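Dear colleague,

Please read them with the model open beside you.

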Amino acid sequence: MTGSYDDTASIMFEVSSDSFWEIGNYKRTVRRIDDGNRLCNDLMNCIHERARIEKSYAQQLTEWAKRWKQNTEKGPQYGTLERAWTAIMTEAEKVSELHLEVKGLLMSEDFEKVKNWQKEAFHKQMIGGFKETKEAEDGFRKAQKPWAKKLKEMDSFKKAYHAACKDEKLAISRENASKLDPNLNPETMKKLQDRVEKSNQEVQKIKEKYKKSLEELDKCTPQYIENMEQVFEQCQQFEEKRLGFFREVLLEVKKHLDLSTNPSYVGIYHDLEQTIQMADTEEDLKWWRSNNGPGMAMNWPQFEDWSIDMNRSLSKREKKKHTDGITLTGMSQTSEQAAQVSKHSSSYLSVPNSSVQSSSNPFEDDAEEEAVVEEEKNSSPVSEKKEEIKTKNVRSYEKNKDSSDEETSNPFSTDTNGNGNPFDEEPSPGIEVSVRALYDYEGQEQDELSFKAGDSLTKIGSEDEQGWCKGRLNSGQVGLYPANYVEEIQ
């Protein structure tokens with residue numbers, strides 16, 4: 001209630017219980033309407049938070065599946081068991097898609113459904129509050145006002161009657177005390193007796209008024225009960241609609257969250273089980289035996305006749321062994337340092353000399369190298385790998401020799417300052433490209449970068465074999481990130 005009526009009711013009447021019929025106790029039912037609006041907001045927040053959880057879980061599943069699919073493909077696992085292991089990541093990707101669908105249904109259907117119902121059920125007023133709350137408040141106040149007025153009159157007569165009884169009791173006590181006093185003036189005694197008689201009459205008079213007001217209150221009570229019941233039932237009907245609607249929404253939420261009833265969800269695990277069941281241990285062991293074990297082909301050693309070409313090849317091999325060492329390029333030393341190095345270089349380093357290894361025909365060595373390589377290919381896979389390494393060393397030497405010949409005839413010559421360092425190399429700068437993040441990424445290790453979708457960063461160098469790139473954030477932090485998480489800015 002509002003206004004003077006509520007203030008008077010709260011002051012004049014002491015509520016003896018929390019009964020609905022007491023003055024002002026209907027406010028709990030009125031407050032329930034406002035609580036219904038607040039519960040709509042709570043339900044929408046609940047659905048929204050669950051949708052965010054579904055989205056986050058889907059993203060984590062996708063990231064986990066990508067990372068472990070790469071690890072599995074590049075790892076040592078092989079054969080049918082590798083396919084079964086990869087199927088776990090495929091399951092995660094499909095389940096991630098289903099959880100994204102759940103997120104979409106929660107927001108597009110359930111959340112919007114509650115939001116629209118709230119707008120239709122609760123109508124805001126210009127002065128604040130809701131129209132439904134004010135209607136219930138006015139209805140209860142109107143139903144309770146006549147009965148409250150009679151109750152107030154009855155209460156005032158009750159208090160007056162109790163006060164009169166108290167005065168009568170006090171007058172009788174004084175009269176009885178005066179009878180015990182022999183020295184009391186007769187006139188005083190007469191006054192006390194008149195006081196007792198007057199108090200008795202006052203008590204009887206107020207008692208009649210008290211009973212009459214109580215009878216009038218009793219007559220108003222049935223109408224009071226009927227009017228209050230009518231307003232209460234209106235509030236009950238409004239609350240019934242809200243409770244039924246909430247129940248309907250919760251059943252829809254359950255339907256969207258329960259993936260066990262989704263045929264696609266059931267099919268995912270059916271396919272996963274079949275893929276795992278197809279893993280064949282014997283087939284994998286057989287494959288390994290054929291590709292990495294005794295089942296592999298082998299060029300076993302056989303008797304070979306001696307020929308002059310073989311002798312030349314052997315001489316070339318011995319010659320190439322002397323070139324296997326550390327090739328120093330771009331050295332600059334003083335004449336004294338060069339003399340010391342030339343004195344002790346034969347003990348520590350094997351530095352090829354163009355005057356020793358070159359022949360009159362510059363193409364003769366190339367022909368001999370090709371003959372050696374061709375012969376080694378026919379010997380064994382291990383020898384082939386060794387020869388490839390040797391060939392690369394020879395070519396690296398020739399390339400360094402040519403570049404050093406252009407600069408100076410002596411690879412150990414000094415620069416103008418005499419401070420050359422043979423081990424200093426000028427690092428080649430990496431190619432830097434501006435890129436933009438397509439997805440959010442949270443670094444898993446200390447050397448990894450973290451960024452959000454839409455952030456711009458700088459790619460340094462090129463992508464490695466495992467799909468990682470080196471980059472720099474705008475803050476200056478340098479680290480690694482997955483190459484497929486960004487796109488180049490055109």
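**Notes on the sheet, a helix pair and the cysteines**

Strand β1 (residues 432-437) pairs with strand β2 (residues 456-460) in the antiparallel sense over five bridges, where pairing requires that DSSP finds at least two bridges between two strands, and strands are DSSP runs (E, at least two residues) numbered from the N terminus. Arg436 stands opposite Ser456 in β2.

This is a predicted model, in which local features need pLDDT of at least 70 and side-chain atom pairs count only at pLDDT 80 or more, while totals for chains, interfaces and linings use all residues. Residues are numbered from 1 along each chain as its sequence is written, and side-chain values use heavy atoms, with hydrogens and water left out.

The open sheet has five strands in the order β4-β3-β2-β1-β5, with antiparallel pairing; β4 (478-482) and β5 (486-488) are its edge strands, each pairing on one side only.

Helices α2 (residues 27-74) and α3 (residues 79-121), which are DSSP runs (H or I, at least four residues), pack with their axes 8 Å apart and at an angle of about 165°, the axes being lines fitted to C-alpha atoms over the stretch in contact and the angle running from 0 to 180 degrees between N-to-C directions. That makes α2 roughly antiparallel to α3 (an angle over 145 degrees).

As for the cysteines, a search of the whole structure finds zero disulfides (pairs of cysteine sulfur atoms within 2.5 Å). Cys40 is buried, at 0% relative accessibility, whereas Cys220 is partly exposed at 24% (buried is under 20% relative accessible area, exposed over 50%, partly exposed in between, with a 1.4 Å probe and protein chains only).

Methods: Parallel < 35°, antiparallel > 145°, perpendicular 65-115°, else oblique.
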